[in-house]
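Me: I would like to learn how to read a protein structure, one feature at a time. Please give me the general idea and then the case at hand.

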Amino acid sequence: MNVHHYIACDLRSNDPRWLRGASSYWKSRMKKPLHQFASVGWMVCVGMLLATSSRVVALDNGLALTPPMGWNSWNKFGCNVSEDLIKSAADAMVSTGMKDAGYRYVIIDDCWQVSRDSAGNIVADPKRFPSGIKALADYVHAKGLKFGIYSCAGTNTCAGRPGSRGHESQDAIQYAAWGVDYLKYDWCNHGNESARVAYGTMRDALKQAGRPMVFSICEWGTSKPWLWAGNVGNLWRTTGDIHDCWDCKEQYWTGWTRILDQQNGLESFAGPGHWNDPDMLEVGNGGMSTTEYKSHFTLWCILAAPLIAGNDLRNMPLEIKDILTNRELIAIDQDTLGKQGRRLRKNEHQEIWVKPLKDGSRAVALLNRGTSEEKITVAWEELGYPDGLSISVRDLWAKNNLGKFIGRFSASVPSHGVVAVKVSP
Ligand code: GLA
């Protein structure tokens, strides 16, 4: 095992918006919460930590051996969740073919919870979830799907609902009794606690509760979880929140290309059971063109990212469904070698990303970030193949074999578009 020393930096915020929980800030935003890049907040590095590399032992819950696939309510619906919404999302996951394409987890994000009872048990919103969470989990399970839920390591969630701080075991036991299969665990209102400790506490509580649950760490990359979370969670967010745009930027969220830039270099930390999470998909939420959504989806597959759809599955135009259910791209994401792809080259607007696959072939994405069509060329030598080799190339969007190529492959790539190929010697 390779052991490296790293400086681990932790993030704390003195921003009163955090301390107030459901702040006026939150109320004004409804969908997107306050969090990590708060105006005052960066604290000094906490010191030298001993961290292991990608060869850390993965969390031993046997789950997420390939990146988890599913749907989450947050990107499209924010706090507007209810049992009817979740049930109809589960129905649509089956009827649209998403389930057949590999999507499994139906996850309620923030705002399902309203209070704790006198015994400290978490209480679901009785108006929005009148049948209770257990009945909802049963409904989802009856469709052959898995059920996920959200909580937060702080006293309150990012939307100001009760968090799990101090109630970790109680909540884990409750989730297990409800039949929860996946927990997304957020990081608002965490006070002075270290992420490593807080997430370790919930990992242990889940283990103790006895029902295997995918553990999704959502601390936005602030303490570099890729350095320590390999045996804590099955996936960890690497950045702030995604937004449904090409490259916009706000204080708390950014467009997907900015998130993409932050993934390069993290590839050695991902593998079966422990994945980098560049956040949920925005495909189909209306802020980008079909071409841009194809690029977003392709790059998430090259990254071996969790594929958690975030759109309204009940009203999907055909072209959006075709993106989310592209089985050839999904197979790249789910390849059992479990290697996250990396950026091979970047010049001007052109980028080449490559992901090694179990059968010895490579998935290659030619991405054009410029404003007009460009020809992009990848040479076999860059991919680690001999120059003179005749190599088969398959187009993963056109879904056809392009033939054999010697030395290199070139394609015209539209503005903000991608050409995705599988290259098999
Ligand atoms: C944070 C997370 C989001 C979402 C919201 C819910 O911002 O990063 O993905 O869960 O909280 O409030």
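Reply: Start with the term nonpolar core: a set of buried Ala, Val, Leu, Ile, Met, Phe, Trp, Tyr and Cys residues joined through side-chain atoms within 4.5 Å. Buried here means under 20% relative accessible area. Keep in mind that this is a predicted model.

Me: Which residues touch the most other members in the largest nonpolar core?

Reply: In soluble globular proteins, nonpolar side chains tend to be buried together. Here the largest nonpolar core has 110 residues, and those touching the most other members are W71, Y103, W112, F215, F297, W300 and L324. The core lies between domain 2 (69-333) and domain 3 (342-424), because both give residues to it. Another core, of 18 residues, lies apart from it and includes I376, W380, L383 and Y385.

Me: What does W300 touch, not counting residues up to four places away in sequence?

Reply: The contacts of W300 on that count include I242, W256, I259, P278, M280 and L281.

Me: How should I read a sheet, and what is the order of strands in the open sheet of six?

Reply: Strands of a sheet pair through backbone hydrogen bonds, either parallel or antiparallel. In this open sheet the pairing is antiparallel, and the order runs β15-β16-β17-β22-β19-β20. At its edges are β15 (342-347) and β20 (400-406), each of which pairs on one side only. On average, neighbouring strands of the sheet are turned by 25° against each other, direction ignored.

Me: Which helix packs on the sheet?

Reply: That is helix α10, residues 290-302, which touches β16 (350-356), β17 (362-368) and β22 (418-424). The direction of α10 makes about 145° with that of β17. S295 counts as buried because its relative accessibility is 0%, under the 20% cut-off. Leaving aside neighbours within four places in sequence, S295 is in contact with W246, W256, L367, H416, G417 and V418.

Me: How many bridges join β19 and β20?

Reply: Strand β19, residues 390-395, pairs with β20 over six bridges, in the antiparallel sense. As one case, V393 has G403 in β20 as its bridge partner.

Me: Is K184 buried or exposed?

Reply: K184 lies in strand β8, residues 182-186. With 8% relative accessibility, K184 counts as buried. Beyond four places in sequence, K184 touches N72, D109, I149, Y150 and S151, among others. The list of its contacts also includes S216, C218, R237 and M280.

Me: Where is P68, and what does it touch?

Reply: P68 sits in the loop between β2 (42-52) and β3 (69-72). A relative accessible area of 4% makes P68 buried. Not counting residues up to four places away in sequence, its contacts are Y105, Y182, V214, L235, W275, P306, L307 and I308. P68 and W275 are 207 residues apart in sequence, yet their C-alpha atoms are 9.0 Å apart in space.

Me: What share of contacts joins residues at least 24 apart in sequence?

Reply: Among contacts between residues at least 6 apart in sequence, that share is 70%. For the chain as a whole, there are twelve helices and 22 strands, and buried residues make up 58% of its 425 residues. The chain exposes about 16100 Å², of which carbon and sulfur atoms supply 51%.

Note on methods
Residues numbered from 1 in each chain as written. Predicted model: local features only at pLDDT ≥ 70, side-chain atom pairs only at ≥ 80, totals over all residues. Heavy atoms only, no water. Buried < 20%, exposed > 50% of the residue type's maximum accessible area, 1.4 Å probe, protein only. Domains from an automatic or database assignment. Contact = heavy atoms within 4.5 Å. Pairing = 2+ DSSP bridges. Helix = DSSP H or I, 4+ residues; strand = E, 2+ residues; numbered from the N terminus. Axes fitted to C-alpha atoms, helices over the stretch in contact; angles between N-to-C directions. Areas by Shrake-Rupley, 256 points an atom, 1.4 Å probe, with all protein chains shown as cover.
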